[in-house]
Amino acid sequence: MTFAATVLTLYPEMFPGPLGTSLAGRALGAAWTLDTRNIRDFATDKHRSVDDTPAGGGAGMVLKPDILAAALDSVAATDEIARPMLAMTPRGVPLTQARVRALAAGPGAIILCGRFEGFDERIFEARDLEPVSIGDYVLSGGELGAMVLLDACVRLLPGVMGAASSGEEESFDAGLLEYPHYTRPVTWEGRTIPEVLRSGDHARIAAWRHDQAIRDTRLRRPDLTLRHGGAKQAPPSGAHDDDEG
């Protein structure tokens, strides 16, 4: 089944952008498809207005719910298999690797990109629309967030990555950051690849990598450690974790 992405945006010319290169670009048209729709096409007045002033006053403009609903409905009505509808917004639920894997296993997604001050809140009440955030910061619009989400999904589609195992031990998959990586030369600027990685002992290597993942997660992302009960996951391949005694 091909992963079908439809992006609703005021700037369709931004796509495919980075999604047209590298892994995602090579897979575009084969493992996945990308369709962009201009939200302004669903405006009903001669000025093609899509926004209005905030109720209650304040700066900026707000995207109108009737225009957004018309855009979403036009896409959803043609779906043979209902795709999840996502709205990119800093007020959304943080995107996680688990959510990415769930999306990648499905038929695709309809992604609504915000602009200005954001969406009229009633669109979330009226439509099954999932608010999604890619981080605790504000961008000029949801297009870059949509690209991030799609890139994360596309790389997990069957056949996109060269090796099927490439996505199995990565940051966030087990509530841990990924272990550090090394490659040749063995010694560089007086720094040597850890001996365990040159030992050929796969059980020791697996245990070392797991210990490093726990250590780095505790140091760099204590929020992940708290969220996953201490980030004390079982080591891969049944290898012994020296930290567990």
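The legends below describe several close-up views of one predicted model.

This is a predicted model, in which local features need pLDDT of at least 70 and side-chain atom pairs count only at pLDDT 80 or more, while totals for chains, interfaces and linings use all residues. Residues are numbered from 1 along each chain as its sequence is written, and side-chain values use heavy atoms, with hydrogens and water left out.

View 1. Helices (H or I, at least four residues) and strands (E, at least two) are DSSP runs, numbered from the N terminus.

**View 2. Phe 116 and Glu 189 have positive phi values.** Phi of Phe 116, a residue other than glycine, is near 60°, and this residue is placed in the loop between strand E6 (108-113) and helix H4 (122-126). With a relative accessible area of 41%, Phe 116 is partly exposed; buried means under 20% relative accessible area, exposed over 50%, and partly exposed in between (1.4 Å probe, protein chains only). For Glu 189, phi is near 50°, and the residue is found in the loop between E8 and strand E9 (191-192), where it counts as exposed at 59% relative accessibility.

**View 3. Strand E5 pairs with both E6 and E7.** Two strands pair if DSSP finds at least two bridges between them. E5 and E6 run in the parallel sense over 4 bridges, and Cys 113 in E6 is the bridge partner of Met 88. E5 and E7 also pair in the parallel sense, over 6 bridges, with Glu 130 in E7 as the bridge partner of Leu 86.

**View 4. The second largest pocket has a lining of 25 residues.** A pocket is an open set of points on a 1 Å grid over the protein atoms alone, where a 1.4 Å probe fits, with protein on both sides within 12 Å along at least five of seven lines, and its lining residues have an atom within 4 Å of a point. About 500 Å³ of space lies in this pocket, a volume being the space filled by probe spheres set on the points, which are joined across faces, edges and corners. Met 88, Thr 89, Pro 90, Arg 91 and Gly 118 are the lining residues nearest its centre. Strand E5 (85-94) and strand E7 (129-133) each supply at least two residues of the lining, and the largest share, 4 residues, comes from E5.

**View 5. Phe 119 and Phe 124 form an aromatic pair.** The structure holds 1 aromatic pair. The ring centres of Phe 119 and Phe 124 are 5.9 Å apart and their planes stand at 80°, so the pair is edge-to-face. Rings of Phe, Tyr and Trp (its six-membered ring) pair if their centres lie within 6.5 Å, and planes under 30 degrees apart count as stacked, over 60 as edge-to-face and the rest as tilted. Phe 119 is buried, at 11% relative accessible area, and Phe 124 is buried, at 18%.
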